[in-house]
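Please consult the sequence and the coordinates alongside the text.

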Amino acid sequence: MTATDTSPTPATTTATANPVLRVAPASPAAAAAYFGASLAFHADVSDVAAALAADGDPGFVVLDSRSTESWDQGHVPGAVHLPTALIPEQAEQLLDKSVPVVTYCWGPGCNGATRAALALAQLGFQVKEMLGGFEYWAREGFAYETWEGPARKDADPLTAPIDADDCGC
């Protein structure tokens with residue numbers, strides 16, 4: 001393209017015609033930084049379940065930041081129950097600052113786990129948010145506990161492989 005050539009580049013043509021590319025993708029270096037940072041802040045339910053199922057200490061504690069009524073409906077086995085509003089006054093009595101915390105709430109439509117993670121980080125805890133929350137824990141077929149006892153649902157084929165132990169992600 002010369003200095004006097006004003007024809008659009010292929011990326012410009014695609015970007016103006018395509019809403020996905022209307023804003024150009026980040027550079028590979030910027031994308032690597034962003035996605036690397038994202039993994040420092042987030043874990044998914046499959047990875048949390050695999051770590052909890054492995055022999056030994058997973059190296060983190062799971063925290064359910066929902067209400068008592070929500071907790072009673074179902075929660076991750078072994079999770080600590082600490083509603084977000086109580087974190088400032090109770091976190092330091094219930095949690096060890098040397099152990100990372102993985103927070104969760106209802107699901108992807110809820111930012112309760114994000115608020116809980118923020119409150120914990122402001123108190124000096126290392127924290128990650130479990131993407132998908134309790135909804136995806138149950139939808140992926142992992143066992144959970146209710147006020148009535150243990151429960152488990154069949155895996156939803158839209159969220160987890162039916163005939164494999166690993167989604168291949």
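The sections below treat salt bridges and then cysteines in this predicted model.

## Salt bridges across the structure

A search of the whole structure returns four salt bridges. Among them is the contact between Arg 66 and Asp 64, whose closest N and O atoms are 2.6 Å apart. Both partners are on the inside by the accessibility criterion: Arg 66 is buried, and Asp 64 is buried as well.

Another of these contacts joins Glu 92 to Lys 97, with 3.1 Å between the closest N and O atoms. Here the two side chains belong to partly exposed residues. Glu 92 has a relative accessible area of 46% and is therefore classed as partly exposed, since that class lies between the limits of 20% and 50%. Lys 97, at 37% relative accessibility, also counts as partly exposed.

Arg 139 and Glu 135 are linked by a salt bridge with an N to O distance of 3.2 Å. Both residues belong to helix H7, which spans residues 133-139. Their separation is four residues, about one turn of the helix.

Arg 139 counts as partly exposed, with 24% relative accessibility. Glu 135 is likewise partly exposed, its relative accessibility being 33%. Through salt bridges that share partners, Glu 135 and Arg 139 are joined with Asp 156 in one network.

How many disulfides does the structure hold? The number is zero. Cys 105 is accordingly in no disulfide, and its nearest cysteine sulfur, which belongs to Cys 110, is 3.2 Å away.

Cys 110, at 29% relative accessibility, counts as partly exposed.

How values were computed. Residues numbered from 1 in each chain as written. Predicted model: local features only at pLDDT ≥ 70, side-chain atom pairs only at ≥ 80, totals over all residues. Heavy atoms only, no water. Salt bridge = Lys/Arg side-chain N within 4 Å of Asp/Glu carboxyl O. Buried < 20%, exposed > 50% of the residue type's maximum accessible area, 1.4 Å probe, protein only. Helix = DSSP H or I, 4+ residues; strand = E, 2+ residues; numbered from the N terminus. Disulfide = S-S within 2.5 Å.
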